[in-house]
Each structure stands twice: as C-alpha cells, then as structure tokens.
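The following note sets out several points for a reader who is meeting this structure for the first time. Please keep the sequence and the model in view while reading.

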Amino acid sequence: MLKMNQEKRQIEKAIVQTLDGYFEAARRCDAGGFMSFFAGELTVIEDAEIRPSRKVFEDWIYEFFKGVVKLDVAPEERRVVPLSLDVAVATGVFGYSAQTTTGDTVGGRNAYTFVFVKEGERWLIHNVHESSLPVETEA
C-alpha cells in the first residue's frame, strides 16, 4: 500500500509539473513549446469545436498564437487522478486574458479534462476537453 501511495504522489507531482510547463508555454505564446506537451496523436474538443488530429490542432494553435500579443493564463483548480502507472486524468479550471494583435482583449474561464499518457519519462496530453464557463456576475 505504501509503494502504491508513493507512486500515486509521484504521478500527481509529475502531472502538476507538466501542467505548470504547459501553462507557461501558453503564456509565452510559444506554439512549438506548447505543442511539445502533446502526444503524437490526440483529440481536442473545445466547447463545440472538435480538432480530431494533431495536425488540425497544431495548425489552429500556430494561427491562434500569431494573433495574440499577450496571454495571461492562471490555473485556479487542479486535480490529478492516476489511473495506472502510465495513464492519468487531470481536471481543473483556468482563467485567461489575451490581448490580440488587433488590440482587442478577450478572456474567460475554462473547465478542462486532460488525459495524460506516459511516453518514456514524459507525461504527455493525449486527449483534451475544455468547456467555457459562464461569466460570474455579482448579485
């Protein structure tokens, strides 16, 4: 039981470190660095948009970052659930604010579910599901 708990903590720590790097690459608008956190083939679903392959997602990411001058991303919640020694699920919420090349500012909050797979010594994102959260208003 002790070994299993240690392995679980190690996986959780590794996934959190991976998420930290993922969000930092997003902040830098580093498309290549950002894509390095993803497994070879993947599926990405953001709200109603499905990007069914790495190529489709990668093309979208490069275009997205071309249109962004500054991106702030702030993780608000993170939970990691190891499913085995080489598969884990991470869920959480992050907020973001972006200044575009046209001068617009956009932002919001997203809930996410990422499926991670371990490839060699690295944990990589295999599947992504993000959903926009409603804007909170004060009563």
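1. A salt bridge is a side-chain nitrogen of Lys or Arg within 4 Å of a carboxyl oxygen of Asp or Glu. By this rule the count comes to 10 salt bridges. The model is a predicted one, in which local features need pLDDT of at least 70 and side-chain atom pairs count only at pLDDT 80 or more, while totals for chains, interfaces and linings use all residues. Residues are numbered from 1 along each chain as its sequence is written, and side-chain values use heavy atoms, with hydrogens and water left out.

2. Helices (H or I, at least four residues) and strands (E, at least two) are DSSP runs, numbered from the N terminus. One of the salt bridges joins arginine 78 to aspartate 20, at 2.6 Å from N to O. This pair links distant parts of the chain, since arginine 78 is in strand E3 and aspartate 20 in helix H1, 58 residues apart. Arginine 78 is partly exposed, at 31%, and aspartate 20 is partly exposed, at 35%.

3. Aspartate 59 and lysine 55 also meet in a salt bridge, at 2.9 Å from N to O. Why are aspartate 59 and lysine 55 separated by about one helical turn? The reason is that they are four residues apart in helix H3. Lysine 55 is exposed, with a relative accessible area of 52%. Elsewhere, salt bridges that share partners join Glu24, Arg27, Arg28 and Asp30 into one network.

4. Two strands pair if DSSP finds at least two bridges between them. An open sheet of six strands, with mixed pairing, has the order E2-E1-E6-E5-E4-E3. Strand E2 (49-51) and strand E3 (68-82) stand at the edges with a single partner strand each, so one side of each is left without a neighbour in the sheet.

5. Strand E4 (residues 87-100) and E5 run antiparallel and are joined by 13 bridges; here alanine 90 stands opposite phenylalanine 114 in E5. The hairpin of E4 and E5 has four residues between the strands, and glycine 103 in this hairpin takes a positive phi near 95°. Strand E5 (residues 105-119) pairs with strand E6 (residues 122-132) in the antiparallel sense over 10 bridges. The hairpin of E5 and E6 has two residues between the strands, and there glycine 120 takes a positive phi near 65°.

6. Glutamate 130 lies in strand E6, and tyrosine 112 stands opposite it. Lys and Arg count as positive and Asp and Glu as negative; His and the chain ends are not counted. Glutamate 130 is buried yet has no salt bridge, and the nearest side chain of opposite charge, arginine 51, is 7.6 Å away. The side chain of glutamate 130 does make a polar contact with the side chain of asparagine 110, at 3.0 Å. A polar contact is a pair of N or O atoms within 3.5 Å; within protein, one must be able to donate a hydrogen and the other to accept it, and residues adjacent in sequence count only if both atoms are side-chain atoms.

7. Most residues other than glycine have a negative phi. Cysteine 29, in the loop between helix H1 (2-27) and helix H2 (31-35), has a positive phi near 55°. Cysteine 29 is buried, at 18%.

Key: Buried means under 20% relative accessible area, exposed over 50%, partly exposed in between (1.4 Å probe, protein chains only).
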